[in-house]
Each structure stands twice: as C-alpha cells, then as structure tokens.
Amino acid sequence: MNKYRIEEDCLGQVQVEADKYWKSQTQRSIENFKIGYETMPESMIVSFAILKSACAKANLHFNKITQEQCEHIMKVCKEIEEKKHMDQFPLKVWQTGSGTQTNMNVNEVISMMANERAEKNLCHPNDTVNCSQSSNDTFPAALHIM
C-alpha cells in the first residue's frame with residue numbers, strides 16, 4: 001500500500017507519494033499531462049543541475065541566498081549531475097512550451113533533498129532554488145548546456 005503526504009499550494013491540496021522528493025507542481029503536471037511515455041532526457045536533467053548550481057553561486061554572490069543554502073543546493077546538484085535520483089524526474093516531454101513543469105520539478109527535488117540533508121527547512125523551491133530565475137530563461141539555457 002502506498003503512503004502519501006499532502007502538499008499544499010495556491011490551488012489547494014494534492015497527494016504525493018511519501019517516498020518522492022517532488023512537491024505539488026510536479027504532481028499536478030503528472031496528473032494534468034497524461035500523454036505519451038517519453039520523459040525528459042537524463043541529459044536535460046543533468047543540464048538543469050549544472051545550471052541550478054551555477055545560479056546558486058550567482059545568487060550567493062548577490063546575497064540572494066545564504067552560504068548554507070548554496071552549499072546544500074550545490075551538493076544535491078552534484079548528485080543529480082552524477083545521474084543519481086533520476087527516478088525523481090518523471091515528467092513527460094509533452095507539457096507547456098516554456099518548460100515550467102520541468103524547471104519546477106528540478107527546483108522541488110533540489111529543495112526537498114537539501115532540506116533533508118540540512119535536517120531543517122532551509123530551501124524553498126521558488127524562493128531559494130529558483131531565486132531570480134524564469135522558466136523562459138532556464139529551459140533554453142539547459143538546452144544549450146545539454
């Protein structure tokens with residue numbers, strides 16, 4: 001029997017399997033885009049991790065995040081770059097055009113793993129990991145890295 005946790009956002013509550021590191025936006029994408037079977041390529045997820053690590057360094061430099069937040073984000077990104085945790089990126093390639101769902105999937109996974117490692121609520125998917133970024137920029141940048 002699957003165990004679930006409840007994630008809540010501005011649209012309300014959603015159930016997420018307890019062993020998953022994603023949150024509400026990823027879960028809603030899974031539920032709303034039930035088309036195809038092709039998931040985002042591993043190379044795209046790795047590229048996002050490279051990008052998120054670089055953004056964390058820039059956000060630290062500009063005092064948008066703390067040293068501790070940056071270090072935890074970078075550690076998780078390194079693990080993703082090593083193709084660990086690929087099961088945490090279930091989204092299909094069929095989604096909205098800007099890649100917002102994939103960007104948020106990566107943000108949610110990084111924040112949840114960073115918080116687990118820090119043993120406290122240190123990183124927020126939007127405010128900390130996605131800090132000063134837009135899907136309209138991150139998705140094309142990750143494609144270029146890929």
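Among contacts in the protein chain (heavy atoms within 4.5 Å) between residues at least 6 apart in sequence, 63% join residues at least 24 apart. The structure is a predicted model, in which local features need pLDDT of at least 70 and side-chain atom pairs count only at pLDDT 80 or more, whereas totals for chains, interfaces and linings use all residues. Residues are numbered from 1 along each chain as its sequence is written, and side-chain values use heavy atoms, with hydrogens and water left out.

The secondary structure comprises 6 helices and 2 strands, where helices (H or I, at least four residues) and strands (E, at least two) are DSSP runs numbered from the N terminus. Along the sequence these elements are arranged as β-β-α-α-α-α-α-α. The radius of gyration of the protein chain, taken over C-alpha atoms, is 14 Å, which agrees with the value near 15 Å that a compact globule of 146 residues would have; the globule rule is 2.2 Å times the number of residues to the power 0.38. Along the principal axes, the C-alpha atoms fill a box of roughly 40 × 35 × 30 Å. The accessible surface amounts to about 8,000 Å², and 50% of this area belongs to carbon and sulfur atoms; accessible areas come from the Shrake-Rupley method with a 1.4 Å probe, and for residues only the protein chains shown count as cover. Of the 146 residues, 47% are buried (buried means under 20% relative accessible area, exposed over 50%, and partly exposed in between, with a 1.4 Å probe and protein chains only).

In soluble globular proteins, nonpolar side chains tend to be buried together. The largest nonpolar core in the model contains 31 residues, and those with the most contacts inside it are Ile-73, Ile-80, Phe-89 and Ile-110. A nonpolar core is defined as a set of buried Ala, Val, Leu, Ile, Met, Phe, Trp, Tyr and Cys residues joined through side-chain atoms within 4.5 Å. Two or more residues of this core are supplied by each of strand S2 (12–17), helix H2 (42–61), helix H3 (67–81), H4 and helix H6 (135–145). When residues up to four places away in sequence are not counted, Phe-89 touches Ile-45, Ile-80, Asn-105, Val-106 and Val-109.

Helix H3 has 15 residues and reaches 21 Å from its first C-alpha to its last, close to the 21 Å expected at 1.5 Å a residue; the expected span is 1.5 Å times one less than the number of residues. Its buried residues are Gln-69, Cys-70, His-72, Ile-73, Val-76, Cys-77, Glu-79 and Ile-80. These buried residues pack against H2, H4 and helix H5 (125–129).

Helix H4 (residues 100–118) includes Arg-117, which is partly exposed at a relative accessible area of 31%. Beyond its neighbours within four places in sequence, Arg-117 contacts His-72, Val-76, Glu-79 and His-85. Thr-102 also has its place in helix H4 and is buried, with 1% relative accessibility. With neighbours within four places in sequence left aside, Thr-102 is in contact with Met-40, Ile-45, Phe-48, Leu-91, Gln-95 and Phe-139.

The model contains 1 aromatic pair, under the rule that rings of Phe, Tyr and Trp (its six-membered ring) pair if their centres lie within 6.5 Å, with planes under 30 degrees apart counted as stacked, over 60 as edge-to-face and the rest as tilted. Phe-48 and Phe-139 form this tilted pair, with 6.1 Å centre to centre and 55° between the planes. Because Phe-48 lies in helix H2 and Phe-139 in helix H6, the pair ties together parts that are 91 residues apart in sequence. Phe-48 is buried at a relative accessible area of 0%, and Phe-139 is buried at 15%.

Positive phi values in residues other than glycine occur at Lys-83, near 65°, and at Glu-119, near 60°. Lys-83, which follows H3, is found in the loop between H3 and H4 and is partly exposed at 48% relative accessibility. Glu-119 lies in the loop between H4 and H5 and is exposed, with 73% relative accessibility.
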